[in-house]
Amino acid sequence: MPLGKGLLELATEVGRRNGRSDRRHPKHKGRDARAQLKARCLARRGELHGRQSLRDVTQSWDRALGLDTSVRGAIIYRPIGQMPSRQDPRIRIVHAALRLFASRGYYNTGIADILRESGCRRGTLYYHFSSKEELGYAAVDESFRLFAKRGAASHLATEEHPIDRLFKVLDGLPSCMELETTGSLTAGVAARMAAVHEGFRRRADGHLARLTDNLVEILRKGVADGQIVDSVDPRQLAHVFMIVSQGSQFGDLLGQPKVMWEDARRWFTEYLNSLRR
Amino acid sequence: MVWETALGLDTSVRDAVVYRPIGQMPSQEDTRKRLVQAALRLFATRGYYHTSIADILRQSGCKRGTLYHYFSSKEELGYAVIDEHVRLLLEQSALSPLGSKEDPIDRLLRVIDALPSRLDLDDDDTETITAGISARMATVHEGFRQRVVEKLSLLVEEIERIIREGIADGQIADTVEPRRLAHVAMIFGQGLQTAGLLEQREIEEACRWARDYLNSLRR
């Protein structure tokens, strides 16, 4: 990760923490100020690595001042009921990240938050992911995997009438997915992440392109098997379908009134029904 | 300059005042607009949280005091950017055909042609694409989200009114339900906008289909 990027994230994290300082114990306020100072010193000397988070900086600073850093570890603050299950730590980290990225956004989530949420150690996280960015890519991949396996797109893989399959997908939109490990809902997180990061956008675009190709194939087969009227252009219908589903996801992301999507869905269902043979 | 600095005079103030040609003294409205458009461009390219006040000042060429005269905080500037984006959409960009006096279906067709929207800013020297900037901002800030939803619902009402008038004037088939078509149009437009944000290839085909469909609603 380039130095500039690391600094940017650090600055974001510092800003976020300062913004929430009302929720923190007063004794921690001084720590943020110290961390900022330290970060500035490091940045000036070109010693700040992309990997270093605010907390690392804070801890090394505290150590230099002779303060006890061990008390503030993640373990102490973890409620007993939330002890991690024995599930694969990689999946647990990715799901924790997905959940946080969905609720707070990518740049407003710190590595420390992900560690707290997943109940993993820092070492475990960096064993699986070299950076927060890499974790971000894994989160985008995972959200599409869930979408295809459990979400709305899972109905595409069945052997039913192609139009019926599309109905089921429409019924499942806007897609909300339950993450098995955290039991939380995530919707539109990939879109949200794609909006703030060019690499994530390209990754999400790739996944969507594969989804479109899959849809075109299904419709083409439907036309060939005589289940859909001949006048349908499979590619065009697939593209329209993608645009409509994205419109629904987008509306959901914005928290638009449900009635809008209900209307659009009813209308689209009627339209698709007219294409049966 | 060295002399003045040594005397403790503020040279920067003099520069700004003396060297600005007389004909170009900015009016109040212009300065505010310049700030908002500079912020709009930066938020669109870098994102809201990655743009600092200093960046906005550099881009707009305004002083810090000027910015805080118009906006009490970066957040307030953010709201102004969303309002400006919607205003530009309605007055100069993709949604401007809605206000014309043409056939309602033609108006909708022209909106579809212009989506996903790009904006041309007044002081534009390079081509800037600010498509979906409001959406982008809405995803990172709860207050912005509410503002965008508010603006979108006004837009739905406007589209519904246009369709209703079209039916009353006998330009659109009376089997069409105005509210439902307006909702469909919104979902479709949002889909195009999202796809534009992701730079997907589906847009063209989908637009062609939408044009055919809208044309079939004529009477």
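Residues are numbered from 1 along each chain as its sequence is written, and chains are lettered from A and ligands numbered from 1 in the order in which they are written. In this predicted model, local features need pLDDT of at least 70 and side-chain atom pairs count only at pLDDT 80 or more, while totals for chains, interfaces and linings use all residues; side-chain values use heavy atoms, with hydrogens and water left out.

The model scores ipTM 0.73 and pTM 0.68. Confidence per residue is given as pLDDT, the predictor's confidence on a scale from 0 to 100. Chain A has an average pLDDT of 73, with 64% of the residues scoring at least 70. Within chain A, the lowest confidence falls in helix α4 (residues 74–77), at a mean of 31, and the highest in helix α7 (residues 122–128), at 92. The pLDDT is below 50 over residues 45–54 of chain A, a stretch that has 21 contacts in the model beyond near neighbours in sequence; a contact means heavy atoms within 4.5 Å. Residues 180–185 of chain A also have pLDDT below 50, with 19 contacts beyond near neighbours in sequence. For chain B the mean pLDDT is 79, and 79% of its residues reach 70 or more. Residues 1–22 of chain B have pLDDT below 50 and twelve contacts beyond near neighbours in sequence. Over residues 124–129 of chain B, pLDDT stays under 50, and the model has seven contacts for this stretch beyond four places in sequence.

Chain A contains 13 helices and two strands, taken as DSSP runs numbered from the N terminus (helices H or I, at least four residues; strands E, at least two). Of its 277 residues, 51% count as buried, where buried means under 20% relative accessible area, exposed over 50% and partly exposed in between (1.4 Å probe, protein chains only). Among contacts in chain A between residues at least 6 apart in sequence, 66% join residues at least 24 apart. Helix α9 of chain A (residues 162–172) has as its buried residues Pro162(A), Ile163(A), Arg165(A), Leu166(A), Phe167(A), Val169(A) and Leu170(A). These buried residues of α9(A) pack against α11 (198–224), α12 (234–254) and α13 (258–273) of chain A.

The largest nonpolar core comprises 127 residues, of which Leu272(A), Ile163(B) and Phe188(B) touch the most other members. Such a core is a set of buried Ala, Val, Leu, Ile, Met, Phe, Trp, Tyr and Cys residues joined through side-chain atoms within 4.5 Å. Helix α9 (residues 142–168) of chain B gives the most to this core, with ten residues. Apart from neighbours within four places in sequence, Ile163(B) is in contact with Leu108(B), Ile172(B), Val176(B), Pro178(B), Leu181(B) and Ala182(B).

Over all chains, the structure holds 19 aromatic pairs. Rings of Phe, Tyr and Trp (its six-membered ring) pair if their centres lie within 6.5 Å; planes under 30 degrees apart count as stacked, over 60 as edge-to-face and the rest as tilted. Phe268(A) and Tyr271(A) form a stacked pair, 6.3 Å centre to centre with 15° between the planes. Both residues lie in helix α13 of chain A, three residues apart, about one turn of the helix. Phe268(A) is buried, with a relative accessible area of 1%, whereas Tyr271(A) is partly exposed, at 22%. The ring of Tyr271(A) also pairs with that of Tyr213(B): the centres are 6.3 Å apart and the planes at 85°, so the pair is edge-to-face. This pair crosses between chains, from helix α13 of chain A to helix α11 (residues 203–215) of chain B. Ring pairs link Phe241(A), Trp267(A), Phe268(A), Tyr271(A), Phe188(B), Trp209(B) and Tyr213(B) into a cluster.

Helix α13 of chain A also holds Asp263(A), which counts as buried at 9% relative accessibility. Beyond neighbours within four places in sequence, Asp263(A) is in contact with Arg179(B), Arg180(B), His183(B) and Val184(B).

Two charge-over-ring arrangements can be described. The charged end of Lys132(A) sits over the ring of Tyr106(A), 4.5 Å from its centre, and that of Lys74(B) sits over the ring of Tyr48(B), 4.5 Å from its centre. The criterion is NZ of Lys or CZ of Arg within 6 Å of the ring centre and within 35 degrees of the ring normal.
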